[in-house]
There are 6 protein chains.
Amino acid sequence: MKTTSTTTGAQSATGPLLVISAHAGDFVWRAGGAIALTAAAGERAKVVCLSYGERGESARAWREGKNLEEIKAERRAEAEQAAQALGAEIEFLDAGDYPLLETQELTDRLVHVYREFEPAVVLTHTLADPYNGDHPAAARMAIQARILAQAIGYDAPGEPLGAPPVFHFEPHQPEQCDFKPDTLLDITPVFDRKRKAMECLPAQQHMWDYYTDLAKRRGVQLKRNAGPNLGLPHTCMAEAFVRLYPQTTGVLA
Amino acid sequence: MKTTSTTTGAQSATGPLLVISAHAGDFVWRAGGAIALTAAAGERAKVVCLSYGERGESARAWREGKNLEEIKAERRAEAEQAAQALGAEIEFLDAGDYPLLETQELTDRLVHVYREFEPAVVLTHTLADPYNGDHPAAARMAIQARILAQAIGYDAPGEPLGAPPVFHFEPHQPEQCDFKPDTLLDITPVFDRKRKAMECLPAQQHMWDYYTDLAKRRGVQLKRNAGPNLGLPHTCMAEAFVRLYPQTTGVLA
Amino acid sequence: MKTTSTTTGAQSATGPLLVISAHAGDFVWRAGGAIALTAAAGERAKVVCLSYGERGESARAWREGKNLEEIKAERRAEAEQAAQALGAEIEFLDAGDYPLLETQELTDRLVHVYREFEPAVVLTHTLADPYNGDHPAAARMAIQARILAQAIGYDAPGEPLGAPPVFHFEPHQPEQCDFKPDTLLDITPVFDRKRKAMECLPAQQHMWDYYTDLAKRRGVQLKRNAGPNLGLPHTCMAEAFVRLYPQTTGVLA
Amino acid sequence: MKTTSTTTGAQSATGPLLVISAHAGDFVWRAGGAIALTAAAGERAKVVCLSYGERGESARAWREGKNLEEIKAERRAEAEQAAQALGAEIEFLDAGDYPLLETQELTDRLVHVYREFEPAVVLTHTLADPYNGDHPAAARMAIQARILAQAIGYDAPGEPLGAPPVFHFEPHQPEQCDFKPDTLLDITPVFDRKRKAMECLPAQQHMWDYYTDLAKRRGVQLKRNAGPNLGLPHTCMAEAFVRLYPQTTGVLA
Amino acid sequence: MKTTSTTTGAQSATGPLLVISAHAGDFVWRAGGAIALTAAAGERAKVVCLSYGERGESARAWREGKNLEEIKAERRAEAEQAAQALGAEIEFLDAGDYPLLETQELTDRLVHVYREFEPAVVLTHTLADPYNGDHPAAARMAIQARILAQAIGYDAPGEPLGAPPVFHFEPHQPEQCDFKPDTLLDITPVFDRKRKAMECLPAQQHMWDYYTDLAKRRGVQLKRNAGPNLGLPHTCMAEAFVRLYPQTTGVLA
Amino acid sequence: MKTTSTTTGAQSATGPLLVISAHAGDFVWRAGGAIALTAAAGERAKVVCLSYGERGESARAWREGKNLEEIKAERRAEAEQAAQALGAEIEFLDAGDYPLLETQELTDRLVHVYREFEPAVVLTHTLADPYNGDHPAAARMAIQARILAQAIGYDAPGEPLGAPPVFHFEPHQPEQCDFKPDTLLDITPVFDRKRKAMECLPAQQHMWDYYTDLAKRRGVQLKRNAGPNLGLPHTCMAEAFVRLYPQTTGVLA
């Protein structure tokens with residue numbers, strides 16, 4: 001029987017976690033648990049928001065008549081609070097959204113982040129999303145920057161990057177984004193922190209329950225795939241991910 | 001940087017390993033490293049051969065004029081020696097090959113094996129193989145039996161099975177079998193045992209170097225995916241696998 | 001703007017609905033809304049259960065020490081009540097489960113059902129399900145029987161079948177079954193009936209909320225794909241399906 | 001039996017139809033029937049041609065020695081006549097072809113079109129076409145503009161767009177473009193108008209019969225998928241499409 | 001520029017051609033050109049019909065009130081005439097259709113055919129066909145028998161088979177069967193023979209033009225993929241195929 | 001039995017071969033055999049290197065402290081020697097690497113190459129490569145330029161291009177790049193030249209054996225797919241390719 005050690009949060013994280021997201025709130029809904037687990041294990045977790053989601057993900061603020069700068073400031077403040085609730089650092093590149101344009105300059109900034117932060121694990125969006133062009137754009141730049149950061153000949157400070165694994169986090173409509181989860185992460189021990197982080201985003205209150213339900217659903221699947229006799233708690237909470245590269249391991253489990 | 005602990009063989013295995021293969025030699029070429037790692041960690045590893053490969057994988061013996069019973073005995077003896085070299089138990093179901101027929105009776109025998117052995121990890125063939133119909137037939141029965149063994153209502157002794165992960169091991173022409181490796185296992189610490197096990201199969205001597213070369217190639221890929229700074233040995237040896245079900249984990253790595 | 005008429009339940013169904021499922025409870029969780037919509041529109045809906053799910057989907061009853069016949073009777077009674085709550089007819093073929101064996105005899109019985117019932121729409125399982133071999137077996141027989149029923153030369157009473165569309169209903173772990181929804185059905189007007197039908201299955205009480213949550217999630221997606229200005233109710237409930245054959249239509253919508 | 005009402009043109013269209021195509025003639029061959037059906041139902045149909053196809057789809061004119069401006073004028077005149085024959089409005093963005101460059105400026109113009117026209121249905125090219133880079137470029141901009149037009153924060157006049165369904169129309173070599181039709185549209189009632197529109201393009205006379213044959217072939221498939229007893233005319237004419245987003249509906253058919 | 005020699009029929013065939021089809025008429029519509037080319041090059045072509053298509057593909061005869069034996073005799077006679085028109089041998093295994101059952105006995109008969117006929121090229125159905133279960137069943141047996149015939153240990157007369165390439169011929173609704181042509185065969189020199197063979201099947205007269213149109217369409221695609229300057233005739237006729245195994249070659253073309 | 005003529009190098013090539021690669025060394029490892037076969041048959045082979053691979057594929061030189069210009073000169077000299085060893089012409093576009101930026105200017109330069117060189121066959125990278133963004137960028141430009149060069153209206157000297165087949169050559173981690181070989185090229189007669197060309201790249205000495213082993217592995221697969229009785233040499237060497245467009249042919253083989 002598979003032992004509980006591989007599916008509980010007792011293990012320490014393997015090192016610094018870098019999350020690259022298109023908009024200010026994405027990291028909370030889609031990767032809040034992974035971030036909190038990392039922080040709880042004493043490792044650094046850093047979120048890089050390419051934009052504030054000021055145009056495309058702030059409908060309520062626009063309807064309330066706020067202007068662009070107000071909206072950006074509001075989104076920034078909320079995201080900072082959410083990051084704090086999770087135990088993460090956060091950086092805003094303010095590159096604009098809807099559309100988030102894929103440029104060499106922005107990619108280069110990400111290379112600098114990789115070289116400086118030296119992540120052990122990277123999280124970003126899926127490469128397909130027919131509902132949101134910014135998400136794949138962010139993912140393409142995150143992956144391209146990781147490749148560039150590995151090259152000793154690329155002109156940026158710091159050592160060439162190793163080969164940190166990259167995981168795609170879950171999009172809003174997973175099947176439509178060809179998101180077939182291959183990794184279910186047990187976030188039960190830190191779910192309360194994720195919920196607190198979600199509650200830092202009051203404009204999207206309907207999402208709090210939506211993503212709590214999703215965590216339950218993914219938790220049911222985690223239990224189904226980990227075996228009924230695992231000694232997992234009655235209600236597991238989980239987040240789903242898809243690997244970009246093969247897992248390297250010393251043991252099959 | 002990803003730590004070395006996830007890609008060296010120092011970790012203990014997670015429990016008993018069950019390998020279900022169509023023919024007597026398959027487990028050596030395709031999963032010998034995984035088996036030896038398990039045995040080296042002090043866990044049971046068990047190989048179930050559905051047939052001896054007496055018709056489809058014994059061309060030399062047929063050309064030498066041996067008869068069916070002689071060939072089966074020879075294949076059995078060689079496989080037993082190879083299993084011993086790896087530290088594994090082995091059982092032969094003698095269900096016949098070319099074709100290996102998919103039957104409810106044979107599937108039921110596998111259910112009994114699951115219930116008795118209680119594997120923590122299962123290895124079997126790919127579900128597609130346009131060069132060999134026995135391999136997918138074995139894989140279908142291995143998966144179906146695992147499902148049946150989980151049902152308390154299935155009439156077989158023992159407790160309902162948990163949900164051990166299932167990995168497909170590497171076929172001879174991986175791309176033609178839609179085999180896209182998602183797990184690269186570091187078998188460096190036990191590669192000498194795999195080589196010794198291969199050498200127990202003298203009729204397929206050309207395969208010794210072929211699968212040594214493959215282990216090198218997969219080792220190069222393991223290093224490429226694990227990062228150049230990992231402190232892995234200069235020459236890594238690896239085996240490649242594809243998961244059937246999502247990985248369940250308490251930590252992303 | 002897409003008009004509301006295509007996404008509300010006000011339309012009449014197009015004719016008799018046939019649901020072919022492996023086990024007694026499947027039709028409730030996966031297609032209860034579609035069935036209730038059909039019945040509400042005054043059309044016949046018929047469920048054919050190939051088995052009672054007596055071995056594979058009755059864990060609680062087995063743990064309570066019931067025997068096979070008791071379990072079958074219990075499952076049958078519950079399924080009859082659920083069908084009644086939805087307004088559907090139900091027929092049990094009692095072909096056994098875990099495994100449900102794919103046979104020509106059972107397929108032939110389904111041909112007779114098609115010829116007699118003359119469905120306008122057919123619902124069944126997905127063709128892939130790595131967690132349950134009975135589901136794909138049921139789907140393969142449902143599709144094969146539909147093909148056979150179309151042939152005038154097939155020896156069964158009744159007229160050759162037309163070409164009713166076939167929809168796969170949603171499996172428990174959709175992504176793992178390659179289930180990418182292409183049809184979202186608005187079941188808001190009849191969701192209370194689906195809930196009542198679910199409550200006819202007391203052994204699986206944890207599923208009531210699970211599938212209520214799923215209906216909400218699919219409802220959110222329905223609204224997202226139908227446009228925010230549609231005049232749909234605040235909370236939509238939906239079921240997801242995948243077509244086997246192309247849609248034929250006189251109007252794009 | 002599926003009723004005839006879903007596969008004849010008697011139904012009214014669901015609202016304004018927007019067709020976004022790379023070159024001046026594309027809309028005639030690939031979507032002429034859908035356009036004529038919309039117009040016949042009394043709804044607006046609008047074609048936006050990103051270029052005239054002056055370089056890549058005007059081989060005969062170049063061989064005749066015409067210059068760029070002459071060719072553009074000729075293509076424009078023909079397309080206007082074809083649009084008129086179908087009952088559609090037409091607008092030319094003159095963005096150049098071979099290559100049609102994907103730019104934020106051009107995408108922004110499309111956002112304005114969406115906001116002004118408020119389509120209920122959108123048609124465009126496939127996202128893959130190894131024979132023509134302009135087609136996927138047009139499709140990517142059409143989809144991206146639809147997404148942007150939905151955002152209240154996007155700076156363009158008009159109300160945020162709803163969520164009109166998007167259909168890909170049929171490319172010249174469908175299988176090579178991963179075009180697997182999921183929607184067959186009955187264009188029998190308006191095929192004569194499509195033929196007239198095709199005849200407005202004299203430089204491509206060999207295409208008239210080619211696309212008439214295609215309509216017959218797709219018509220045969222429509223009948224095959226709609227059932228032999230449908231009461232459809234002996235010879236049906238059809239166009240094939242692929243949905244980008246799931247269908248939302250109140251009834252399965 | 002690619003030379004004409006690779007796309008005209010002037011080349012001699014590479015050896016005996018074996019066509020394995022489910023029903024009596026399949027080989028004419030789907031592979032008549034390939035067969036005639038082989039015969040014209042002086043090589044043997046042999047068609048093996050697993051059934052007469054007596055139940056599933058003889059609707060007109062059933063409507064005319066003929067009985068099973070009459071229909072089988074009629075189908076056989078027509079197929080023999082068509083084979084003769086193409087220059088092929090033909091053998092009927094009379095295994096029954098609708099359904100064509102996949103059995104070890106029937107597969108074994110095909111192994112004997114392979115060993116006796118020693119084909120250089122094999123043609124059969126696609127592995128997917130949601131409209132016809134007999135077609136994939138025939139394809140699975142054709143492929144399985146080819147694998148078995150290669151094994152020296154398989155108990156059948158003759159030498160072990162080499163590794164003849166296998167091509168899937170075109171199904172009626174190619175996209176729905178995941179048929180993405182990777183080989184376009186120029187059948188212009190022998191199209192008249194294919195037409196004559198089609199005319200041997202009077203019950204399916206509507207198919208004569210249907211498959212003539214298809215040959216034209218595939219011919220247009222052949223020209224499009226072979227280059228406009230090839231010196232091919234104005235109207236090319238072609239058949240489309242999909243390879244099961246990689247092409248082995250001494251020259252890229 | 002398939003004749004040896006299709007799998008030995010005795011055949012003459014079909015015309016000029018154009019290889020478009022991202023970096024200076026790519027053509028040697030991935031297509032050296034195809035190039036040497038073409039040259040040996042008396043046809044022109046031309047390599048176009050979009051960059052020298054100065055930043056991304058010259059790690060050793062950077063670690064030795066060389067500067068950018070030195071590295072470019074070194075890479076150029078080595079590539080020229082390797083091309084000479086294979087019998088190929090070589091041109092360097094010096095467009096920069098890591099990242100190789102996809103621009104209309106660079107694509108236009110490739111159009112001019114196509115129009116001037118008039119290739120009969122084109123080789124380039126795969127369209128997917130999660131380890132290297134330059135490779136897909138090169139492939140996209142190579143394909144786009146081929147399309148543009150076919151248009152008479154495209155403003156570049158020379159005649160419109162025909163339709164030369166395009167092959168993707170093998171990436172370093174084939175399965176991760178969705179590289180499923182459909183063409184295995186026998187390079188046995190020229191493998192010594194490929195080895196000599198590899199030895200012109202001393203900085204990557206570990207690759208010499210790596211790609212020799214790969215050629216052996218692909219050679220084993222070639223024999224497996226061409227049949228054991230082919231009379232091929234004991235040890236075959238091969239290169240693997242994937243076609244972008246369907247093969248056009250006058251004979252199935």
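Start with strand 7 of chain D, residues 238-243. Here 6 of the 6 residues are buried, so the strand is largely enclosed by the rest of the structure. Buried means under 20% relative accessible area, with a 1.4 Å probe and protein chains only. Strands are DSSP runs of E, at least two residues, numbered from the N terminus.

A word on the source. This is a predicted model: local features need pLDDT of at least 70, side-chain atom pairs count only at pLDDT 80 or more, and totals for chains, interfaces and linings use all residues. Residues are numbered from 1 along each chain as its sequence is written, chains are lettered from A and ligands numbered from 1 in the order written, and side-chain values use heavy atoms, without hydrogens and water.

Which way do the side chains of strand 7 of chain D point? A238(D), A240(D) and V242(D) go one way; E239(D), F241(D) and R243(D) go the other.

Now its neighbours. Strand 5 of chain D, residues 166-169, pairs with strand 7 of chain D in the antiparallel sense over 3 bridges. Pairing takes at least two DSSP bridges. F167(D) stands opposite R243(D). Strand 6 of chain D, residues 183-186, is also antiparallel to strand 7 of chain D, over 4 bridges. There, L184(D) partners A240(D).

On to chains D and A. The contact (heavy atoms within 4.5 Å) takes 13 residues from chain D and 13 residues from chain A. Salt bridges between them, meaning a Lys or Arg side-chain nitrogen within 4 Å of an Asp or Glu carboxyl oxygen, number 0.

Definitions and conventions
Buried < 20%, exposed > 50% of the residue type's maximum accessible area, 1.4 Å probe, protein only.
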